[in-house]
Amino acid sequence: MTSTNINIRCTPTSELTLFAPRAALNDDIFAHLAWFLPRPTLLSFSLTCHALHHIALPPLLHTIFLPRGPPQHFPLPALRDFLLADPTARGPLLHALHVDCSMFPEGHWEPWREFFEQKEHKADWPVVREFISPLADILECAMQLHTLGISSPEDYIRNEPRIGAALTQRTMLRVLLLGCAGPATVALLREIRAPLTDVHVELDDQLKDESDAFLANFATSLERVSHSGVDLARAHVVCPRARNVQYVRAFRRPVPLDLTQLLRLYPAAARMCLSSSVGHPDGHGTVAVSERPANQAALRMLPRRKFEYLRGRVSVLWPTGVASPVRHLVLNSIDFEHVAPQSADVLRDTRPSSLTVELASDMSQDVQDTWVLGIAQGVEELAHLVLHVRHTSVFMIEQTMLFPLPLAKEIVARVPIRLLELKLAHKVAHGRTKDHASLLLPALQEHWARALFETSKDSSLSCILFSNSSEWVRWSSGTTAREGALLGESLSEEQYAQAREAQGLSGDSQDQFPCLVTTF
């Protein structure tokens, strides 16, 4: 038996909102949200329907990495295939393109070796023909291209004229990153008329023309410059606006770095990274020839200046005679040629308020003592001391599990320091060296932080920061537990960055210099 409830009223179709034919979010909101999606999700999002396809394309194709090699080793092979399937239609959406296009790297990429052997190809021009033609198509229609990086442009420019012709027409190009630049690449650079702001060029070792003439067309617009292989004795192009300058030079004969000439070419430079060495056929390292007195006299003829950031080895900086105040000085400790008096001279001459020492974990005790002595003799006080462990060997972990804490304790006992940061590089916290990071943090948590504060000269130390790839911790002198232990405060990566910024350490990384982006 059934009955009908006459009180139940049928809702008109117009009042139903649960299955509305049009979503409440409009296309503008969808387009904004799309920029926050991970690349794999965004690629799937673009294949959902025709409307969402057009919304997803701008963020999906804004920045593209195009490696060349075995597909299984691509970060996102589906995205590469998606772009190359229709380069002329999708190229106009490109703003940044990074191409890892180096030829068969001898003795390195084993997957590449297997890839070429399976295809029964040799590492010559026919191997890359299939890849370069779409690249030329992309560059011909990428009217909005702002950033371009190619790690081996000579192979492309020499064999595909369309690539060079397209680059000379990209008027919106501002950042150009080129490695292994040979004659064809240098000739192309002299034809580019776009007002570039960032340039990175690595001249090939066999290139006879070692001048900087390739910078002439865009010298007045450059703000960040990085080049290697340029002979300063043959350089003449002045870049009046460039504030960030990285110079790398490997000499075949003992020639000191001419800092005076470098400062004439870059009169506005405030952030510099310097590297100069002499290569020895026997592979026994490098030497630096000291012409410090003459260089000091030449520098005194130039207008007085201050550096915001200066990075290099003591064996490079000391012969240059640099004697300008530096806010943040970065010294590479992988340097077996310097002695304590040289590092003390560099510190006295530059008077840094912040000092970073890039540590090598296999440093002997003698080398560590040299650094402690050099820092103690060279500075009266420091606002910040950053000890950056760049590489950690298994052998060193077995020798000193708490490195670099003993080194830190020796330094803070001799020099008043307000902030100490222990920073482990990404490689240190992974693989076989992961135990190093996992032991350092508990040691700091248990007693080392307290010991560092107590041994700090005149009780100046007020903050300790510790970071690796997965943990970020801060200790402050005013946060103690009942038992007297110092409490560490776990931070997120963003909070840690804010803590560094609050202490005046923001922007003090080598990322401020233009460089190639690699995908392996």
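**Close-up views of a predicted chain**

Ser354 is buried, with 1% relative accessibility (buried means under 20% relative accessible area, exposed over 50%, partly exposed in between, using a 1.4 Å probe and protein chains only). This is a predicted model, where local features need pLDDT of at least 70 and side-chain atom pairs count only at pLDDT 80 or more, while totals for chains, interfaces and linings use all residues. Residues are numbered from 1 along each chain as its sequence is written, and side-chain values use heavy atoms, with hydrogens and water left out.

View A. Ser354 sits in strand S11 (helices, H or I with at least four residues, and strands, E with at least two, are DSSP runs numbered from the N terminus). Setting aside neighbours within four places in sequence, Ser354 touches Arg327, His328, Leu329, His384 and Leu505 (contact means heavy atoms within 4.5 Å). In the loop between helix H14 (340–350) and strand S11 (354–360) you'll find Arg351. Its phi is positive, about 45 degrees, although Arg351 is not a glycine. For background, most residues other than glycine have a negative phi. Arg351 counts as partly exposed, at 47% relative accessibility.

View B. Strand S4 (residues 175–181) pairs with S5 in the parallel sense over 5 bridges (two strands pair if DSSP finds at least two bridges between them). Leu177 is the residue opposite His200 in S5. Strand S5 (residues 198–203) is mostly covered, with 5 of its 6 residues buried. Over in S4 sits Cys180, another residue other than glycine with a positive phi, near 50 degrees. Cys180 is partly exposed, at a relative accessible area of 39%.

View C. Tyr496, Ala499 and Arg500 are the buried residues of helix H19 (residues 493–502). Down the axis of H19 they fall within an arc of 100 degrees, so they line one face of the helix (the arc is that of the directions from the helix axis to the C-beta atoms). The general rule is handy here: an α-helix has 3.6 residues a turn, so residues three or four places apart point the same way. Glu494, Glu501 and Ala502 are exposed on the other side of H19. After the helix comes Gly504, with a positive phi near 85 degrees.

**View D. The aromatic pair Tyr309 and Phe513.** Searching the whole structure turns up 1 aromatic pair (rings of Phe, Tyr and Trp, the last by its six-membered ring, pair if their centres lie within 6.5 Å; planes under 30 degrees apart count as stacked, over 60 as edge-to-face and the rest as tilted). Tyr309 and Phe513 make up this tilted pair, 5.9 Å centre to centre with 50 degrees between the planes. Tyr309 is in strand S9 (residues 307–312) and Phe513 in the segment after H19, so the pair ties together parts that are 204 residues apart in sequence. Both Tyr309 and Phe513 are buried.

**View E. Charges over rings.** Arg90 lies over the face of Phe82, 3.8 Å from the ring centre (a charge sits over a ring if NZ of Lys or CZ of Arg is within 6 Å of the ring centre and within 35 degrees of the ring normal). Lys409 does likewise over the face of Trp448, at 5.7 Å from the ring centre.
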